[in-house]
Amino acid sequence: MSDIFQSAALSEYQKSASQIATGKDSLVALKKSYERYDNLIAKAINDSTTKPACKAGCAFCCHYKVEARAHEMLLIRDYMGKTFTAEKIETVLAEAKANAAIIRSITPEQHLTTNLKCALLQDNQCSIYPVRPFRCRNFHSTDANACEQSHNDPHNMEIATGMIEDVAIYADAHTQGFEAAAEQTGRDARIYDFNTALIEVFTEPNALKRYKTGKKTFPNAIEVI
Ligand code: SF4
């Protein structure tokens, strides 16, 4: 494990653990962690001579398999509740249900090689960008052509889309630092399939209570083991 990984993970762990312990709401701690993450990654990109090829309107990666923790889904629900109309939420949930039906009919391995447009991708832009989960934040590419090739040939796992090493290390370290802090609270630390959890974050009336008591927040969502 590199020195920069250890130091970034420890720094984020200490900040998040303190905020989770003193704050009433771990979702507030998550929002603050996302802010620190964005600053950290912006600096790492600025310091690098290689730059990501990612730009607004390029969304090949938003057809990949996505996973998220319960606190990330609860923050997304809050954001959608404040910024989406009821009709827009219904449209998103209908798309998530169509995705979930496909996901439940295939194996996790088949899901890795199946393109499914994320239910939250609208006009090729993420409609929840400020609160997108760590799994989405952590993805970047130095080769947009390779992303397109991978999208057009999803069974070909040999296509390398390219990463900036330091950016990938900081992203992973920061994520692990926050997750380690969240895991020691006794709240639900399970990892969920994004589509099945997205449906249930709107339909499970006791989701927040279940999360806080460490139960499976989304009883019917697919848990990633
Ligand atoms: S949540 Fe946003 S960034 Fe993540 S896959 Fe969906 S549209 Fe893309």
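Two residues are in contact here if their C-beta atoms, placed from the backbone, lie within 7 Å, and helices (H or I, at least four residues) and strands (E, at least two) are DSSP runs, numbered from the N terminus. What you have open is a predicted model, in which local features need pLDDT of at least 70, side-chain atom pairs count only at pLDDT 80 or more, and totals for chains, interfaces and linings use all residues. Residues are numbered from 1 along each chain as its sequence is written.

**The whole chain**

A residue counts as buried if 20 or more other C-beta atoms lie within 10 Å of its own, exposed if 12 or fewer, and partly exposed in between, with C-beta atoms placed from the backbone. Buried residues make up 32% of the 225 residues in the chain. Among contacts between residues at least 6 apart in sequence, 76% join residues at least 24 apart.

**Helix H1**

Select residues 3-22 next, which form helix H1. The expected span of a helix is 1.5 Å times one less than its number of residues, and H1, with 20 residues, reaches 29 Å from its first C-alpha to its last, close to the 28 Å expected. Which residues of H1 are buried? They are Ala8, Ala9, Glu12, Tyr13, Ser16 and Ile20. These residues cover an arc of only 135 degrees around the axis, which puts them on the same side of H1; the arc is that of the directions from the helix axis to the C-beta atoms. An α-helix has 3.6 residues a turn, so residues three or four places apart point the same way. Turn to the face of H1 directed away from its buried side, and you will find the exposed residues Asp3, Gln6, Ser7, Gln14, Ser18, Ala21 and Thr22. The cover over the buried residues of H1 includes helix H2 (26-47) and helix H8 (165-183).

Still in H1, pick phenylalanine 5, which is partly exposed, with 18 other C-beta atoms within 10 Å. Not counting residues up to four places away in sequence, phenylalanine 5 touches Ile169 and Ala173. The C-alpha atoms of phenylalanine 5 and aspartate 166 are separated by 9.0 Å, although these residues are 161 apart along the chain.

**Helix H2**

Move on to H2, whose 22 residues should span 32 Å at 1.5 Å a residue, in agreement with its end C-alpha atoms being 31 Å apart. The buried residues of H2 are Ser26, Ala29, Leu30, Ser33, Tyr34, Tyr37 and Ile41. Seen down the axis of H2, these buried residues fall within an arc of 140 degrees, so they line one face of the helix. On the other side of H2, Glu35, Asn39, Ala42 and Asn46 are exposed. What covers the buried residues of H2 includes H1, helix H3 (70-83), helix H6 (134-137) and H8.

Within H2, select isoleucine 41, which is buried, with 21 other C-beta atoms within 10 Å. Leaving aside its neighbours within four places in sequence, isoleucine 41 is in contact with Val167, Tyr170 and Ala171.

**The loop between S2 and S3**

Now select aspartate 123, in the loop between strand S2 (121-122) and strand S3 (125-126), and then asparagine 124, found in the loop between S2 and S3. Most residues other than glycine have a negative phi. Aspartate 123, however, has a positive phi of about 50 degrees, and asparagine 124 has a positive phi of about 60 degrees. Aspartate 123 is exposed, with 7 other C-beta atoms within 10 Å, and asparagine 124 is exposed, with 12.

**The ligand**

The residues around the ligand are Cys62, Val66, Cys118, Leu120, Leu121, Cys126, Ile128, Arg132 and Cys136. By class, this shell has eight nonpolar, no polar and one charged residues, where Ala, Val, Leu, Ile, Met, Phe, Trp, Tyr, Cys and Pro count as nonpolar, Asp, Glu, Lys and Arg as charged, and the others, Gly among them, as polar.

Methods: A residue is near a molecule or strand if its C-beta atom, placed from the backbone, lies within 6 Å of it.
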